[in-house]
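Welcome! Take a moment to look over the sequence and the model below, and then we can walk through some of the features together.

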Amino acid sequence: MTQWWCSASGRPWTWEPQFYPGVWIAMIALAIVFGILARKGRLMGESRLVFWSGWTAVGFVWQALDWPIGPLAAGYLASAHAVQFLTLALVAPPLMLLAVRRPLAAAVPAAGQGRSIAMLLTQPIIAGVLFNVITITTHAPAVVDRLMPSQLGAFAIDMLWLAGGVVLWWPLVVSAPQRSWFTTPVRMLYLFMATLVHTGIAMVMLISQFPMYGIYELAPPWDVWSPIEDQNLAGGVMELAGAAIILGIITVMFFRWSRGVAGDNAPKAPPRD
Amino acid sequence: MLRLLRLLRLHRLPAAASLCLAACTAPAPAHGVALEPPLPRPSFTLTDTQGKPYDFAQRTHGRLTFLFFGYTSCPDVCPVHAANIAAVLHKLPFEDQLKATLVFVTVDPARDSLPALRAWLDHFDRTFVGLRGGESAVDSVMGKLGLPAAIRAAPAKPNGWYEVGHAAVVIVFTADDVAHVMYPFGTRQVDWAEDIPRLLKVGR
């Protein structure tokens, strides 16, 4: 029977490619919406590099959801699941948002109730809390073991990660509505705090004595490594790759900010008469 | 395969926690399916992986013994059970590891030669015992334990590969030479880790 979305099937893994119609439909929908917005962004002056980075991110989302990473992550390997999480929540959303930030910012109402709703939805504290609630919930063993065997459940987790990533990165990348208090040092702190939870989950995966997730422990074995080695690898991927992404971005933000501060404090040339 | 296994699979019952074991001093296992009445350690002789007769009752007398029927081509249940028990046994103190034995009886003697059986078991633990006998002999042992006989399907793939339906439980005999509990497929490492130290105390 054809599955419309990758879920834990309990069947032995096969390298025979599988077709998941739901993934293709979702990707076509994402590509259409992104394509329209990215084209608008390009017309509004976004660089070609940012435009194509956004399309690359769409490709990353597709790779994370479709065969082979999708089904491997859904029912065989916690490490593939960790790669999927990083791709859907931390890598693809900022790149996609960067390419479409101008049309998105333009779409935010300048005043009225619409602006109030936009202010609330993109409020950094709410966004940070929401992202971490999604991260904790979707990594809880009881939730993962219950949802991943069902296609709808697996779909819900994938979409929550993508949505959580958009929520997390919006205040940083789109920056609309603007907030005067959300300065670069606060942004760096926001990014650092917002990702502490997934670092904690990665630590638990690294030090846990037994496999945390039944779906991976009881799945038809993957001969390359044992379930606990796979879980340690998943923790390592989340910890190291996650830290590299976040700290890399924070470092770039810091140097840009410090250059700007240095520029502001530089001695001004005396005015010529 | 899964449908076949589901037919044969014995479902987890909530009775395990309320078990009163023979000694009644050791804490009862927290997982698995309680056997009421408990099963006496069966007496049978099959061939071990060295080609020598292995008298199960005599060789495992007084030892914590995990008895499991499966086959080395099994894609899911058998390697998961074996890997999970091995992973937990390896975490026990060495003296406790010496008190436990896993005996794996192949239900697919046509494909599981003695060297193939040994190689498969060594993948998990070199001390695991592999036994082989004729189909009727193995089915008869399973019958003694109240397990359904294995169902050997006709080859369904061009390479002649076929599935074998078999009971997916591990029966655990304790030092008092009876089995009070058996563990269905789905038993996690964390469950074994909680129960094995308890099972080691039963009957001592």
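## A strand pair in chain B

Let us begin with one pair of residues. B:Phe104 has B:Gly130, in strand S6 of chain B, as its bridge partner. Strand S5 (residues 100-106) and strand S6 (residues 129-132) of chain B pair in the parallel sense, with three bridges between them. Please keep in mind that this is a predicted model.

A helix belongs to this picture too. Helix H5 (residues 114-122) of chain B lies across S5 and S6 of chain B, and runs at about 155 degrees to S6(B).

## The whole sheet

Now step back to the sheet. Chain B has an open sheet of eight strands, in the order S1-S10-S9-S4-S5-S6-S2-S3, with mixed pairing. Strand S1 (33-40) and strand S3 (53-55) of chain B are at the edges and have a single partner strand each, so one side of each has no neighbour in the sheet. From one strand to the next, the twist averages 35 degrees.

## Around strand S9

## Two helices of chain A

Over in chain A, helix H6 (residues 124-139) and helix H8 (residues 151-173) pack at an angle of about 155 degrees, and their axes are 9 Å apart. H6(A) and H8(A) are therefore roughly antiparallel to each other. Their crossing is left-handed.

Among the residues that meet here are A:Leu130, A:Phe131 and A:Ile134 in H6(A), and A:Trp161, A:Gly164 and A:Leu168 in H8(A). The residues of this contact are twelve nonpolar and three polar, with no charged ones.

## Where the chains meet

Finally, how many residues of chain A are in contact with chain B? Eleven residues of chain A are in contact with twelve residues of chain B. The side of chain A that touches chain B has seven nonpolar, three polar and one charged residues.

Methods:
Residues numbered from 1 in each chain as written. Chains lettered and ligands numbered in written order. Predicted model: local features only at pLDDT ≥ 70, side-chain atom pairs only at ≥ 80, totals over all residues. Pairing = 2+ DSSP bridges. Helix = DSSP H or I, 4+ residues; strand = E, 2+ residues; numbered from the N terminus. Axes fitted to C-alpha atoms, helices over the stretch in contact; angles between N-to-C directions. Contact = placed C-beta atoms within 7 Å. Nonpolar A, V, L, I, M, F, W, Y, C, P; charged D, E, K, R; others polar. Parallel < 35°, antiparallel > 145°, perpendicular 65-115°, else oblique. Left-handed = near helix turned anticlockwise from the far one by under 90°.
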